[in-house]
Amino acid sequence: MNDNTRIVITGIGLTAPNGNNLSEFRKNLLAGKSGIGKIETHYMGEVIAGVCDFDPLIYQKKKALRRGTRAGSIATYCSHEAIADAKLNLDSVDKSRIGIYIGITEHGNVETENEIYNIKQYDYNVDFWSHHHNPRTVANSPAGEVTMNMGVTGPHYTLGAACAAGNIGLIQGLQMLLLGEVDLALAGGVSETPGTFGVFAAFKNEGALANHPDPQKASRPFDRDRNGIVVSEGGCICVLERLSDALARSARIYGEIVGYAINSDAFDFILPNAERQVECINLALKKAGISASDIDIISTHATATPEGDKAECQAIKKVLGNNSNSYINNTKSFIGHTMGASGALELVGNLPSFEDHIVHQTINIDNLDPECALKNLVINEPKKVDKVDYILNNSFGMLGINSVVIVKRFKG
Amino acid sequence: MKAEEIRTMIIEVIHEIVPDEDLSNLKGDIRIRDQIEMDSMDFLDVVMELRKRYSIVVPEDDYMELSTLDSSVAYLEPRMKDI
């Protein structure tokens with residue numbers, strides 16, 4: 001392959017409930033530190049959730065915070081952090097050749113609910129409905145806010161892909177670089193979902209909202225007593241470049257995206273489908289030109305719903321067979337489900353393993369569900385391993401959308 | 001509300017809408033939007049705040065009356081005399 005058809009990650013900006021940059025995030029993952037707490041929501045009162053504590057005023061004016069959305073703010077913070085991490089100077093790059101591709105699970109729920117909440121105090125008189133509602137709720141809003149803040153004039157849009165969106169943001173960025181549409185992609189995903197009571201209420205009424213006396217124990221994928229999802233906010237934006245460009249400027253390379261796949265279950269609104277997940281993983285392996293035995297770490301999607309975790313474990317068992325040496329972990333156990341951000345966040349939290357050869361653990365497994373007893377599932381303590389050359393990241397979503405990204409250690 | 005109270009209220013509302021702007025030297029007789037960074041959506045926020053706080057409805061035809069601090073006070077004073 002030519003270096004201009006190989007796509008690498010050269011910068012990472014993130015905010016998660018347990019960290020506002022990769023080193024802090026990674027440190028807290030290895031230390032087993034959860035970022036989950038409680039927040040107040042409209043109508044439902046106190047709920048268990050993960051929220052981020054980055055300072056938005058580092059990169060935005062107060063007016064921009066007032067006018068925009070939390071998702072836009074998260075995207076702006078992560079994008080600046082990614083550019084800085086990539087050691088790029090925005091003033092010296094052609095901003096018309098930057099593309100912004102941000103995965104979202106949903107957008108506009110928070111803003112719409114807030115307006116309805118607001119007009120309730122005026123007896124639902126729509127004269128009090130904000131004129132800001134439309135620009136806040138158009139689906140490209142989080143990515144568009146980044147362009148205005150950074151002066152980027154290349155393409156921008158979001159990718160609505162339920163909880164597979166973070167991976168799909170990365171895949172879209174990669175594809176646009178391969179097509180030559182842009183020279184640099186800011187790609188990943190964001191979530192502002194804790195701001196919408198509706199998502200909590202719907203999960204609760206579906207029997208899929210996590211509940212535990214200790215919020216930090218609430219997100220417990222693979223545990224026998226898991227009882228649902230912890231809704232979280234977060235963001236992760238990666239700088240993607242062609243390898244030739246990255247090498248020309250001696251950029252630090254976190255890894256090369258060598259495999260990816262997206263497919264559909266064509267099956268159910270909410271239920272997962274292990275068979276289609278297997279197909280998706282195998283498609284990504286095929287694209288990478290490797291076999292399942294080459295994968296060193298599988299970063300699972302598991303959200304701690306009874307059915308979802310079981311289906312993914314079935315899929316992984318089918319793909320890996322009995323003689324696998326792949327290590328398996330889960331990041332949602334620390335930070336909850338960061339929705340549109342989850343695919344990208346969970347992937348990048350594992351990338352330091354290429355260098356430190358440590359696989360971060362899955363926390364909150366007190367009683368492993370026998371149906372989730374995967375070989376080499378890293379439980380409660382990090383695992384030192386001999387080598388990490390390939391990381392596979394699963395990210396699946398409602399309406400049966402599956403996505404897989406495989407990143408290879410860059411050997412220089 | 002008296003004229004000076006209305007002037008103070010307007011500045012307070014503008015500060016809430018454009019919190020990054022320095023309003024300490026805002027001149028009364030010069031168009032507000034020529035003195036600070038404030039766009040049409042921000043202006044609509046001023047109209048909305050008047051509606052929310054004081055139930056004052058400013059029709060679109062009267063928007064020009066709110067272009068300067070002095071004209072805003074003159075326009076609002078009779079409408080806010082009982083507030």
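## Salt bridges within the chains

A:Lys387 counts as partly exposed, at 41% relative accessibility. In this predicted model, A:Lys387 forms a salt bridge with A:Asp389, and the closest N and O atoms lie 3.8 Å apart. A:Asp389, by contrast, counts as buried, at a relative accessibility of 15%.

In chain B, B:Asp70 and B:Arg7 form a salt bridge whose closest N and O atoms are 2.9 Å apart. This pair links distant parts of the chain: B:Asp70 belongs to helix H4 (residues 69-76) of chain B and B:Arg7 to helix H1 (residues 3-17) of chain B, a separation of 63 residues. B:Asp70 is partly exposed at 33% relative accessibility, and B:Arg7 is partly exposed with a relative accessible area of 22%. A further salt bridge joins the side chains of B:Arg31 and B:Asp34 (3.0 Å, N to O). There, B:Arg31 is partly exposed at 37%, whereas B:Asp34 is exposed at 54%. Over all chains, the search of the whole structure finds 34 salt bridges.

## The interface of chains A and B

Contact between the chains involves 14 residues of chain A and 15 residues of chain B. The size of an interface is often expressed as the accessible area lost when the parts come together. Here the area buried between chain A and chain B is about 1300 Å², with carbon and sulfur atoms giving 51% of it. A:Lys63, A:Arg66 and A:His131 supply 45% of the area that chain A buries against chain B, more than any other three residues.

Four salt bridges are found across the interface of chain A and chain B. In one of them, the side chains of A:Arg67 and B:Asp42 meet at 2.8 Å, N to O. Salt bridges with shared partners join A:Lys63, A:Arg67, B:Asp39 and B:Asp42 into one network. Between the two chains, 11 residue pairs are in polar contact. Helix H2 (residues 62-67) of chain A gives the most to the side of chain A that touches chain B, with four residues. That side of chain A divides into four nonpolar, four polar and six charged residues.

## Cysteines

The count of disulfides over all chains is zero. For A:Cys163, the nearest cysteine sulfur is that of A:Cys280, 15 Å away; A:Cys163 is buried, with a relative accessible area of 10%.

How values were computed:
Residues are numbered from 1 along each chain as its sequence is written. Chains are lettered from A and ligands numbered from 1 in the order in which they are written. This is a predicted model: local features need pLDDT of at least 70, side-chain atom pairs count only at pLDDT 80 or more; totals for chains, interfaces and linings use all residues. Side-chain values use heavy atoms; hydrogens and water are left out. Contact means heavy atoms within 4.5 Å. Buried area is the accessible area (1.4 Å probe) that two parts lose on being put together, summed over both. A polar contact is a pair of N or O atoms within 3.5 Å; within protein, one must be able to donate a hydrogen and the other to accept it, and residues adjacent in sequence count only if both atoms are side-chain atoms. Helices (H or I, at least four residues) and strands (E, at least two) are DSSP runs, numbered from the N terminus. Ala, Val, Leu, Ile, Met, Phe, Trp, Tyr, Cys and Pro count as nonpolar, Asp, Glu, Lys and Arg as charged, and the others, Gly among them, as polar. A disulfide is a pair of cysteine sulfur atoms within 2.5 Å. Buried means under 20% relative accessible area, exposed over 50%, partly exposed in between (1.4 Å probe, protein chains only).
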